[in-house]
Amino acid sequence: MTTAAPHPPPRTAAAWLARQARLLRRTTAYQLQAAAAFRLGFLLREVLRGLPRSLVMIFVMRAVVASSGGEGLRGWTFPALVHYLLLVALLEKLVFHERGLDLADQVFEGYVTKFVVMPFHYFTLALGRYLQYVGVQLVAVALTWAAGAALAPRWWPPLPEGAAVARSLALVVLGSYCFFLTVFCLNCLAFWLDVVWTLLVMWRFVGTFVAGLLFPLTLLPGGLQQALAWTFPYWTLFAPAELALGRAGASDFATGLRVLAVSAVVLQALALVVWRRGLARHAGVGM
Amino acid sequence: VNVGSALSVRAVRAVRAVRRVLRVARQLARIGVVRKSQFRVELASQVIMDCVWYATHLLVFEVLFHHADDVAGWSREDVRVFLGFLFVSDAFMMMWLGQSWRFPRDLKDGRLDPFRVRPLSPVFLYFFQLFSLEAVLNLVIAGAYLAWGLGRAGVALGPVSLLVVAWAIVLSCWARLVTLIGWSILDVVLVGSDLGRAVHDVFEAAKDRPLDVFGARTRLFLLYVVPVGVMTHAPARMALGRVGLAQAAFDTVWLLALGVLVLRLWTASFRRYESALG
């Protein structure tokens, strides 16, 4: 994500890193202020997002379990399905959403060029948005968890042990970073296509579906589930939920970490390429 | 005689108003086609996007029916009809009501003044201003799926059933319009709250599944108070013959009355709008 900076570069790598870190901290704080500007909307959006869909799916699952004889679906009893659906609704809050980044609009309107002449990398700004997003959502998840446990203790998933929470959160946060990089790459396609919101929405449909947002992926045919286990969305929601519910262990965590790390490296490299190539052909005049 | 002539004058005026609305709608459609012709990749992309959305809905139920014979009394064939209505009403929204997504933003930015001074209903001019060509293709796809679903569900396509299906489609689209306008009233009352979007997300998640998965009270609430169920559940049960004509007529009259009420409320709330609100 290098840009042609007219300012003198820092003398050492340590000084450069320190400057990027300062900028990252400040960008994160600014983004938080911007997100919280409309307080009621902010609260409603962050607390309610994803929950209604999961609640509706709980009712659907109740009907499906009843229709199948009440014995559960492939080892998932109805209470276990309720726990799973509530957990993925909470964890999904941590998955980077495409509305967190407006790079495509900046490209379309032609003002992304103003960042090119500033003494930092554009990616640092975008990364600030990711950190702000995850930071806010961690608070939202904690608050929603506490509210749910107080209001519906019978149905709310029990708090897992410390190690399971740590493993689960590690996978979700790393998976969220992969989602962020994917959204960044799709935004960069605006250099060629001008308008890319449909691609972003399509990605959301597919990404969240294959992440197991609507039902546990073990309900899928075995071959399909095994194929999805090679992709990062699988380890972003479904696997962390299984870890938190005690249905998966340390070896699954290690596998997930490997898949997510490789995906993050590949996507990071891809982001670098599309950003550089896109910027090289950008006229900066907008539409 | 005076009453008769007054009625005929009102009828003539109504016909003229409808013709004026249709003329404006035709122009909006023409402008929409011109606009979309500038972004051909985007046009194709939007068609594919909606097909992906259809596919995710179909897959959810295909997976569920792999494990159960029915979902709250709805067989696989019934659910296909249900989803057909969901897709058709969604295509209608994408075709004509795309601007509604930008309503909270336009409200905050104070961009609604022009709609107050133009010689047509502000509701029509604002919500129908953005015609989307790609949604026409999606409507064809959705309509074809609905027809296929009806065939698979054993609905014989005679004149009467065709009339009932057409009636159900109109009801579904009307419900889509009424609910979208209804949510936007919340944004006018509480500018900058995103309340309309939040309430939309809360209630509209329910419309994607047959309402029989809920208890009786929730089902009635979602059909007659916050009528999101009239977009999908009510038309599907009409087309499948799960309710009689009397029930269908009651649903229609109720939703018409609710729609008129929502339109009046929107007009009243819009009077307090000032471009300086944002």
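In chain B, helix α3 (residues 76-96) packs against helix α7 (residues 133-152) at an angle of about 165°, and their axes are 8 Å apart. A word on the source: this is a predicted model, where local features need pLDDT of at least 70 and side-chain atom pairs count only at pLDDT 80 or more, while totals for chains, interfaces and linings use all residues. Residues are numbered from 1 along each chain as its sequence is written, chains are lettered from A and ligands numbered from 1 in the order in which they are written, and side-chain values use heavy atoms, with hydrogens and water left out.

Some terms. Helices are DSSP runs of H or I, at least four residues, numbered from the N terminus. Axes are lines fitted to C-alpha atoms over the stretch in contact, and angles run from 0 to 180 degrees between N-to-C directions. Angles under 35 degrees count as roughly parallel, over 145 as roughly antiparallel, 65 to 115 as roughly perpendicular and the rest as oblique.

So α3(B) and α7(B) are roughly antiparallel to each other. Their crossing is left-handed, meaning that the near helix is turned anticlockwise from the far one by less than a right angle; clockwise would be right-handed. The contact (heavy atoms within 4.5 Å) includes Phe85(B) and Val88(B) of α3(B) and Leu139(B) and Leu146(B) of α7(B).

What about α2 (residues 40-65) of chain B and α7(B)? They pack at about 30°, axes 8 Å apart, and are therefore roughly parallel to each other. This crossing is right-handed. Among the residues that meet are Val47(B) and Tyr54(B) in α2(B), and Ile141(B) and Tyr145(B) in α7(B). By class, the contact has ten nonpolar, two polar and two charged residues. Here Ala, Val, Leu, Ile, Met, Phe, Trp, Tyr, Cys and Pro count as nonpolar, Asp, Glu, Lys and Arg as charged, and the others, Gly among them, as polar.

Now the pocket. How much space lies in the second largest pocket? About 480 Å³, taken as the space filled by probe spheres set on grid points, which are joined across faces, edges and corners. A pocket is an open set of points on a 1 Å grid over the protein atoms alone, where a 1.4 Å probe fits, with protein on both sides within 12 Å along at least five of seven lines; lining residues have an atom within 4 Å of a point. Of its 19 lining residues, those closest to the centre include Phe124(B) and Trp174(B). The lining has 17 nonpolar, one polar and one charged residues.

Technical notes:
Helix = DSSP H or I, 4+ residues; strand = E, 2+ residues; numbered from the N terminus.
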